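Open the model in your viewer and keep the selection panel at hand. The stops below are meant to be taken in order.

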Amino acid sequence: MAEHVTEPEDKQREAAPAGGVGIPDQGARFSRDGETEAEPRRPREAIFQLEKVVVSYGPKPAVRDVTFDVGRNEITALIGPSGCGKSTLIRCLNRMNDLIPGARVEGRVLYHGEDLYAPNVDAVEVRKRIGMVFQKPNPFPKSIYDNIAFGPRVLGRKQNLDETVERALTQAALWDEVKDRLKTNAFGMSGGQQQRLCIARCLAVNPDVILMDEPCSALDPISTGKIEDLMMELKREYSIVIVTHNMQQAARVSDKTAFFTVELASDDDHRTGRVVEFDDTEKIFTNPADSRTEAYVTGKVG
Amino acid sequence: MSAHGGAIGKAPASQRAKDTGFRLTMLACLGLSVGLLALLLYDVVKDGASHLTMDFLTSFGSISADKAGAEAAIWGTIWIMVVCAAFIVPVGVATAIYLEEYADHSRWWNRLIEVNIQNLASVPSIVYGILGLAFLVRGPLSLGPVVLAGGLCLGLLVLPVVIIASREAIRAVPPSIREGSLALGATQWQTIRRQVLPASIPGIATGVILALSRAIGETAPLIVIGAATVIAFNPEGLDSRFTALPIQIFDWISRASNDVNNYKPLAAAAILFLMILLLLMNSVAIWLRNRYEQKW
Amino acid sequence: MEAGSTTAAGARAVPSLGAARRRYGEDVVKGILILATFLSILTTTGIVVALLVPTIEFFGDVGVWEFLSGSKWTPLFEPPSFGVLPLLVGTLLTTGIAMLVATPLGLGAAIYLSEYARPRVRKTIKPALEILAGVPTIVFGYFALTFFTPEILRGLFNADVNIFNVLAAGIVMGFMIVPTVASVAEDAMSAVPQSLREGAFGLGASKLSVSLRVVFPAALSGIVAAIVLGVSRAIGETMIVLIAAGQIASNSIDPREPHYSLASFIGATAKGDVPTGSTEYKTIFAVGMLLFVLTLVMNLISIRFVRKYRQVYE
Ligand SMILES: Nc1ncnc2c1ncn2[C@@H]1O[C@H](COP(=O)(O)OP(=O)(O)OP(=O)(O)O)[C@@H](O)[C@H]1O
Ligand SMILES: [Mg+2]
């Protein structure tokens, strides 16, 4: 596995002058061309910057006031009670919400300084770079090989397909388990293997960011442990956003944590989620600024 | 149930008798319907089995009932079924894809299209004959009563069957598959073409076969568009005049009672052949469904 | 079709998220699909136009009122008479008899399948009903003419019936419609939530009263839909009536007599050689229009009722 970890420096070099923006330098956010690189290189570089994001499915927002950013080669965890809009939010980071009729995104979602919802932005182009792993493993009803090869094939990257497949499966720590049965149907794998297959499938298109919506909620503790190890490994090369209900998981793997709450409107029972606190994971779990965060992470409320 | 009923003072015996009586009555309704099917099959086999010979299948119609056969009708049926299939598969599947994958069902026009298709599925077949007569045989296309017109007319008739079955097959593909594909950067059409369609092909194929097995027995529209009854040649192309099995059967039935010749066994033999074809088609459909249907 | 087939490294080197070019392929495909979908609208339009134009011409020759209220249908006589009532009587008779058969049998079969049959029984019986539904109507016509009338009506019941008669056509058509009624009704009954049944069983109700007092009313709109759809089928059925009920337009309501229906009249007239453009030729379309409107109303009612129970239970 280790031989594949040569890429990050490479990646940093490429992307930083293009869209990379140090987080404190809010003013330089729109310098897309990268010519204005007079400021010093900052240690933390933002992949996503969200500013007052509001997502609604109907007349009322499902989640609002979301302001935080996602740093390069970090794992950012989104935690909070059920229905607070974590899935809603993570799905608007790769424009999956476009598929839901009536879903609207307001506020600003910047990806490498570029507005993800600008009119000229192509959602397909976005999803090529921002991969997603879903709550329930969703392998395609095809062979293991074809599952992995599907992404590169539709993107027209058909050279060295075998290598791509092997590399993706190796990165997802699945190669040794499946290398002898690449042609068998993916539906025959265990749930944990299927989820790692879905991660591998996502890696095969070589994304920049991986979004994971409760990737371990359908898995047993052993498979969960494997996927957590995998995330720690992948973080060297990719940036990861993960939704989880598992506090220990968030504490174990993530660097930054955003805590969401849900507020019940007084007049009807419409629920709106919002971000209460965003900070280093360590701080969120040991010394949160907000009392609601503290109550939640210490398990005092659901 | 009735045992407990007894404990709280109902008349268990009469209650149970009533219950059993009801159950048996309901079963009789079912039995009677299936019984009639059996009777019908028995009648057709009894009348026609002895006539269903190789000679019968390979001779043309004739003035003499002993020499008459169904060859022209069989080939005519094959031709119009091929035309019908070539028409309904692309059009039906395309419509189903649009309605399932693209249409926004909150728009009134898309709902109108759906109701329209549901209605078309129950428009009397003879009305499709009139449609075919006015637009295909005469009128704008003026094809004449030829294979192409017959196949298209039956195609329009069974198109709703294909659309409805294909929609169900497409709907059975879970949304998570589409999401998985789109999240990899596939476009909507790539997702449909490479994930949704392959997974729904068994269901679509079953629907197409069912549609064809409805079309193969349709008589009324072919009568209206003017399919020939007595013809002594096989179709040679899309612009050939044709006859078809149901038309031939109808012709023989019409003659059975008022001719010196006895055409009744001919009609029965042709019906038997038609029923065997139908049975084969249905078996293939069932086999396809069981063998290839994707379990999610 | 693939717009930005950038290489793996290129995806990061070019941060712009705009498509390299518009995905015209996607639009073209969508256009084709819409075009195909449009054909079904075109079909309905085509039917209406095909029927309407000659019908209007027909009403230039024959008054609308004469057509709808006249009780003599003699297009071939001199002078001809175009009162459609005899055809309506025939349609009403065959449809009425068919529904007298199909309603109890279809609903009974539906109740048995949904309330009593164990899954395995259902699995074997449903295909049998589907085969019955798949038998071409011309076969039912043959059966009615060559077996049902001579062997059953005349033989079993010693009935004094014409060889072509409404009774045989209606009864056999009823059997043809049973699967339609049964399957739509059974869908509706199966959609009734199990909790409703359990509630009644908990009060000590028998299966009989649960079926009739709980399931039946709860599934009522689906049952209405099933019956109305059956009526629509019966009104539009051509071949059984044409073959087994003879070809006479009369006002007799004696089911032992032969009779035209709307549909069988069209079939018989289209089969004969009627000169194009004659008033008699146009009768095909005027009668077809009436048939289309009648079945359209039935179908829309049925669609409405199906919607209703779907909304309640799904
Ligand atoms: N497709 C949709 N259409 C309408 N409303 C939706 C849709 N998806 C989610 N919602 C609503 O948005 C709100 C947030 O839902 P979301 O799924 O984002 O919550 P979540 O934080 O992911 O919850 P969980 O932890 O249970 O997954 C909920 O009130 C939900 O009802
Ligand atoms: Mg969620």
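**Before you start.** This is a predicted model: local features need pLDDT of at least 70, side-chain atom pairs count only at pLDDT 80 or more, and totals for chains, interfaces and linings use all residues. Residues are numbered from 1 along each chain as its sequence is written, chains are lettered from A and ligands numbered from 1 in the order in which they are written, and side-chain values use heavy atoms, with hydrogens and water left out.

**Stop 1: chains B and C.** Select both chains. The contact (heavy atoms within 4.5 Å) involves 75 residues of chain B and 82 residues of chain C. About 7,000 Å² is buried between them, 76% of it from carbon and sulfur atoms. Buried area is the accessible area (1.4 Å probe) lost on putting two parts together, summed over both.

Now pick Leu33(C), Tyr112(C) and Tyr142(C). These supply 10% of the area that chain C buries against chain B, more than any other three residues.

Next, select helix α2 (residues 24-61) of chain C. With 17 residues, this helix gives the largest share of the side of chain C that touches chain B. Helices are DSSP runs of H or I with at least four residues, strands are runs of E with at least two, and both are numbered from the N terminus. Colour that side by class: 55 residues are nonpolar, 19 polar and eight charged.

**Stop 2: ligand 1.** Show the residues near ligand 1 (a heavy atom within 4 Å). Among them are Tyr57(A), Lys86(A), Thr88(A), Glu214(A) and His245(A). The largest share of this shell, three residues, comes from helix α2 (residues 86-92) of chain A.

- Ser87(A): a side-chain N or O atom is 2.6 Å from a ligand oxygen atom.
- Gly85(A): a polar backbone atom is 3.0 Å from a ligand oxygen atom.
- Tyr57(A): a side-chain N or O atom is 3.4 Å from a ligand nitrogen atom.

**Stop 3: two loops of chain A.** Most residues other than glycine have a negative phi. Select Asn160(A), in the loop between α4 (144-154) and α5 (161-171). Its phi is positive, near 50 degrees. Finish at Asn206(A), in the loop between α7 (191-203) and β8 (209-213). Phi of Asn206(A) is also positive, near 55 degrees.

Methods:
Ala, Val, Leu, Ile, Met, Phe, Trp, Tyr, Cys and Pro count as nonpolar, Asp, Glu, Lys and Arg as charged, and the others, Gly among them, as polar. A polar contact is a pair of N or O atoms within 3.5 Å; within protein, one must be able to donate a hydrogen and the other to accept it, and residues adjacent in sequence count only if both atoms are side-chain atoms.
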